[in-house]
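Here is a short briefing on one protein model. Look over the sequence and the 3D view before reading on.

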Amino acid sequence: RQQVAANSSAPIAVLTLLSKDRGPDVRRAVGGNPATPAETLSVLAQSKDAYARQSVARNPSTPVEILTTLACDEDPVTRFPVAGNPSATVGLVTLLAGDRHAACRRLAAANPITPVELLMTLANDEDPGVRGEGVASNPATPTRVLRSLACDNDPWVRYYVARNPFAPDGLLTELARDKEKRVREGVAMNPSAPTEIIKELVEDPEQSVRQYVARNSATPVELFVRMVN
């Protein structure tokens, strides 16, 4: 039943029926299904099960009025997904970007709809996860902010900058020579990394870096030949 509840091709009548299932995993699957009708999502959003409400909060098809209610939920488990929902309003994301829980701010920072001004503020957040997994990984983050985060003291923040496919070539070149191998790994797995940098990383002393080069779809064919010989 859970697989059916998660299937976006399932009939609306079936999803509505499964939303009343005794199994919590089934109800949660219905809540996260983009095909679930708004009326059913509204009922699940009022469930006593925080994870059922969470699934509705994460669902990109959930109407804004329901997301607005869930954004004020007392349980942070429910609020978090609203911050990362691409269908949330800028106002909701801005509200949740000020949440006391770092996980909520991190999701807001990673949301592509987050305004540039807010991203600039979150780039100075005390939590490295907000700066890294949030702002540094966001495709909407301006180059000037990425440049600043590329100098962050926390290597995980620099790692997420290195993975960002919209990071400029010059910045990726600098990060490809970072002292921390995890940062170089980020560049090695970036599909937008310049060929010259990929060629440099294929000679990296760390095996893990070379392995990420081998997995990168942008790696030139001639480098694969070099790696297997």
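Of the 229 residues in the protein chain, 48% count as buried. Keep in mind that this is a predicted model. The chain has 18 helices and zero strands.

**Overall build**
- Along the principal axes, the C-alpha atoms fill a box of roughly 60 × 40 × 20 Å.
- Take the contacts with a separation of 6 or more: residues 24 or more positions apart account for 42% of them.

**Surface and charge**
- The chain exposes about 11,400 Å², and carbon and sulfur atoms supply 52% of that area.
- There are 26 positive and 27 negative charges, and their mean positions lie 4 Å apart.

**The largest nonpolar core**
- This core holds 57 residues.
- Val 82, Val 135, Leu 149, Val 161, Leu 175, Val 187 and Leu 201 touch the most other members.
- Helix H13 (residues 155-163) gives the core its largest share, five residues.
- Leaving aside neighbours within four places in sequence, Leu 175 is in contact with Ala 150, Arg 158, Val 161, Ala 162, Val 183, Arg 184 and Val 187.

**Helix H11**
- Helix H11 spans residues 128-136, and seven of its nine residues are buried, so it is largely enclosed by the rest of the structure.
- The buried ones are Gly 129, Val 130, Arg 131, Gly 132, Gly 134, Val 135 and Ala 136.
- These buried residues pack against helices H9 (102-110), H10 (116-122), H12 (143-149) and H13.
- At the start of H11, a side-chain oxygen of Asp 127 comes within 2.9 Å of the backbone nitrogen of Gly 129.

Methods:
Residues are numbered from 1 along each chain as its sequence is written. This is a predicted model: local features need pLDDT of at least 70, side-chain atom pairs count only at pLDDT 80 or more; totals for chains, interfaces and linings use all residues. Side-chain values use heavy atoms; hydrogens and water are left out. A nonpolar core is a set of buried Ala, Val, Leu, Ile, Met, Phe, Trp, Tyr and Cys residues joined through side-chain atoms within 4.5 Å. Buried means under 20% relative accessible area, exposed over 50%, partly exposed in between (1.4 Å probe, protein chains only). Helices (H or I, at least four residues) and strands (E, at least two) are DSSP runs, numbered from the N terminus. Contact means heavy atoms within 4.5 Å. A polar contact is a pair of N or O atoms within 3.5 Å; within protein, one must be able to donate a hydrogen and the other to accept it, and residues adjacent in sequence count only if both atoms are side-chain atoms. Accessible areas come from the Shrake-Rupley method with a 1.4 Å probe; for residues, only the protein chains shown count as cover. Lys and Arg count as positive and Asp and Glu as negative; His and the chain ends are not counted. The place of a charge is taken as NZ of Lys, CZ of Arg, CG of Asp or CD of Glu.
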